[in-house]
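Thanks, everyone. Let me put the model on the screen, and then I will go through it piece by piece.

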Amino acid sequence: SSDPPVCKLVEYSKYRYEKEKKAKELKKGSKATEIKEVKMSYKIDVHDYNVRMKNASKFINQGNRVKCTIMFKGREIQHDKLGVQLLEKLANELSDFAIMENKPKRDGRFLSCILSPKPELVKKINERKRALEKDKRKKKEVSKKDFEEKQAEKAAAKANGDKPKEE
């Protein structure tokens with residue numbers, strides 16, 4: 001009625017290979033969020049602004065963080081308040097699925113802020129990725145079973161002396 005100790009003998013090189021393969025698979029699955037950048041001038045036209053906003057929303061919907069940068073040339077740096085207003089306008093228009101991490105910061109000739117996706121959006125994206133991976137794994141297992149069954153049929157046909165049927 002007691003459980004005896006169980007030992008499994010395994011080839012070490014095979015064990016190490018499997019362990020490395022699992023680690024590589026996990027590493028491939030986990031992807032750190034990238035920071036994409038959208039650059040513009042404070043004197044940006046409406047259509048150009050809409051293009052930048054569309055790109056920023058696309059990046060955020062992919063789960064990436066977006067660095068919005070406003071570039072100033074020469075004496076334009078005096079109008080950094082207009083740049084701050086533009087960044088706040090962008091953050092407000094993307095507020096459905098993004099939040100501004102901190103206030104716009106000035107770095108030399110640039111004024112920038114980082115927008116990151118809302119937690120609900122990140123959760124939704126991760127669930128979608130997991131579902132795709134699960135489907136992929138199922139398809140792989142099914143194809144592996146089909147292959148093994150075909151191999152077994154061929155082996156059985158060979159053993160019986162029949163010609164294996166070809167497809």
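**Charged pairs, strands and a few side chains**

Glu-20 and Arg-16 both sit in helix α1, 4 residues apart, or about one turn of the helix. Before I go on, the ground rules. This is a predicted model, so to speak about a local feature I need pLDDT of at least 70, and side-chain atom pairs count only at pLDDT 80 or more, while totals for chains, interfaces and linings use all residues. Residues are numbered from 1 along each chain as its sequence is written, and side-chain values use heavy atoms, with hydrogens and water left out.

The Glu-20 and Arg-16 side chains form a salt bridge at 3.8 Å, N to O. The term means a side-chain nitrogen of Lys or Arg within 4 Å of a carboxyl oxygen of Asp or Glu. Glu-20 is partly exposed at 47% relative accessible area, and Arg-16 is partly exposed at 44%. The cut-offs are under 20% for buried, over 50% for exposed, and partly exposed in between, with a 1.4 Å probe and protein chains only.

How many salt bridges does the structure hold? There are 5. I will mention two others. Glu-34 and Lys-36 meet through their side chains at 3.8 Å, N to O. Relative accessible area is 37% for Glu-34, which is partly exposed, and Lys-36 also counts as partly exposed, at 25%.

The other one joins Arg-106 and Asp-80, at 3.4 Å, N to O. Arg-106 belongs to strand β4 and Asp-80 to helix α3, residues 80–93, so this pair ties together parts that are 26 residues apart in sequence. Arg-106 is partly exposed at 48%, and Asp-80 is partly exposed at 21%.

Next, the strands. Two strands pair if DSSP finds at least two bridges between them. Strand β1, residues 35–41, and strand β2, residues 65–71, pair in the parallel sense over 7 bridges. Between them the chain passes through helix α2, residues 46–61, and this β-α-β crossover is right-handed. Right-handed here means that, with the strands pointing away from the viewer, the path from the first strand over the helix to the second runs clockwise. Within this pairing, Met-40 has Ile-70 of β2 as its bridge partner.

Which way does β2 run relative to β5? The two are antiparallel, joined by 6 bridges. Lys-67 stands opposite Ile-114 in β5.

Strand β3, residues 98–100, is joined to β5 by 3 bridges in the antiparallel sense, with Met-100 opposite Leu-115. Strand β4, residues 105–107, also pairs antiparallel with β5 over 3 bridges. There, Asp-107 has Phe-110 as its bridge partner. The hairpin of β4 and β5 has 2 residues between the strands, and in it Gly-108 takes a positive phi near 65°.

Now some individual side chains. Ser-57 lies in helix α2 and, at 15% relative accessibility, counts as buried. A polar atom of the Ser-57 side chain is 2.8 Å from the backbone oxygen of Lys-54. I list that as a polar contact, meaning a pair of N or O atoms within 3.5 Å; within protein, one must be able to donate a hydrogen and the other to accept it, and residues adjacent in sequence count only if both atoms are side-chain atoms.

Phe-97 is in the loop between α3 and β3, and is partly exposed at 21%. Phe-97 and Ile-60 are 37 residues apart in sequence, yet 7.6 Å apart in space, C-alpha to C-alpha.

Last, the surface. Val-10, Tyr-12 and Tyr-15 form a nonpolar patch with about 340 Å² of accessible area together. Areas come from the Shrake-Rupley method with a 1.4 Å probe, and for residues only the protein chains shown count as cover. Patches take residues with over 30% relative accessible area and no salt bridge; like charges are joined within 9 Å, and nonpolar side chains (Val, Leu, Ile, Met, Phe, Trp, Tyr) within 5 Å. Tyr-12 lies in helix α1, residues 12–29, and is exposed at 56%.
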